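Trainee: I have the model open. Let's go through it by question and answer.

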Amino acid sequence: MQKRRGTLTEPEVQYFLLQIIDGIKYLHNRQIIHRDLKLANILLDENLDVKIADLGLAAELFDPSERKKTLCGTPNYLAPEIACKQKEGYSYEVDIWS
């Protein structure tokens, strides 16, 4: 849709963004970090409902205080915690950045 139309209206963006937030919340409630959220991984079905795709880099956290240290994701979408703070690690915040 973005490639075909170029721009979206503000109500459309709000509609999609609320669904993306719900999808990320769903993953995080199940202790999963996506780690590669980007426009190419946000799909729309025939009803214009958002689907979050490509969980190939996703990671499960087994403890709320667990921190991942793997350098992964698409470079232009990397959160600073992944790119610069590998020793400290990262958690759910990287999906919010992306």
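Trainee: Is Lys68 buried or exposed?

Mentor: First, the ground rules. This is a predicted model, where local features need pLDDT of at least 70, side-chain atom pairs count only at pLDDT 80 or more, and totals for chains, interfaces and linings use all residues. Residues are numbered from 1 along each chain as its sequence is written, and side-chain values use heavy atoms, with hydrogens and water left out. Buried means under 20% relative accessible area, exposed means over 50%, and partly exposed is in between (1.4 Å probe, protein chains only). Lys68 has 18% relative accessibility, so Lys68 counts as buried.

Trainee: Which residue forms a salt bridge with Lys68?

Mentor: Side chains of opposite charge can pair when their charged atoms come close. A salt bridge here is a side-chain nitrogen of Lys or Arg within 4 Å of a carboxyl oxygen of Asp or Glu. The closest N and O atoms are 3.0 Å apart, and the partner of Lys68 is Glu66.

Trainee: What is the relative accessible area of Glu66?

Mentor: Glu66 falls in the partly exposed class. For Glu66 the value is 22%.

Trainee: How many salt bridges does a search of the whole structure find?

Mentor: Among them is Glu12 with Arg5, at 2.8 Å from N to O. Another joins Asp45 and Lys51, at 3.9 Å. The search of the whole structure gives five.

Trainee: What are the relative accessible areas of Arg5 and Glu12?

Mentor: These two side chains meet in a salt bridge. Both residues are partly exposed. Arg5 has 41%, and Glu12 has 22%.

Trainee: Which element gives the most to the lining of the largest pocket?

Mentor: On a 1 Å grid over the protein atoms alone, a pocket is an open set of points where a 1.4 Å probe fits, with protein on both sides within 12 Å along at least five of seven lines; lining residues have an atom within 4 Å of a point. About 630 Å³ of space lies in the largest pocket, a volume filled by probe spheres set on grid points joined across faces, edges and corners. Helices (H or I, at least four residues) and strands (E, at least two) are DSSP runs numbered from the N terminus. With six residues, the top contributor is H2.

Trainee: Which residues lie closest to the centre of the largest pocket?

Mentor: The lining holds 22 residues. By class there are 16 nonpolar, two polar and four charged (Ala, Val, Leu, Ile, Met, Phe, Trp, Tyr, Cys and Pro count as nonpolar, Asp, Glu, Lys and Arg as charged, the others, Gly among them, as polar). Closest to the centre are Phe16, Ile20, Lys38, Leu39 and Ile42.

Trainee: Where does Gln31 lie?

Mentor: Gln31 has a positive phi of about 60°, although it is not a glycine. Gln31 is partly exposed, at 31%. Its place is the loop between H2 and strand S1 (32–33).

Trainee: What is the phi of Arg35?

Mentor: Arg35 sits in the loop between S1 and S2. At 12% relative accessibility, Arg35 counts as buried. Its phi is positive in a residue other than glycine, near 70°.

Trainee: Which residue lies over the face of Tyr26?

Mentor: The rule asks for NZ of Lys or CZ of Arg within 6 Å of the ring centre and within 35 degrees of the ring normal. Here the distance from the ring centre is 3.7 Å, and the residue is Arg30.
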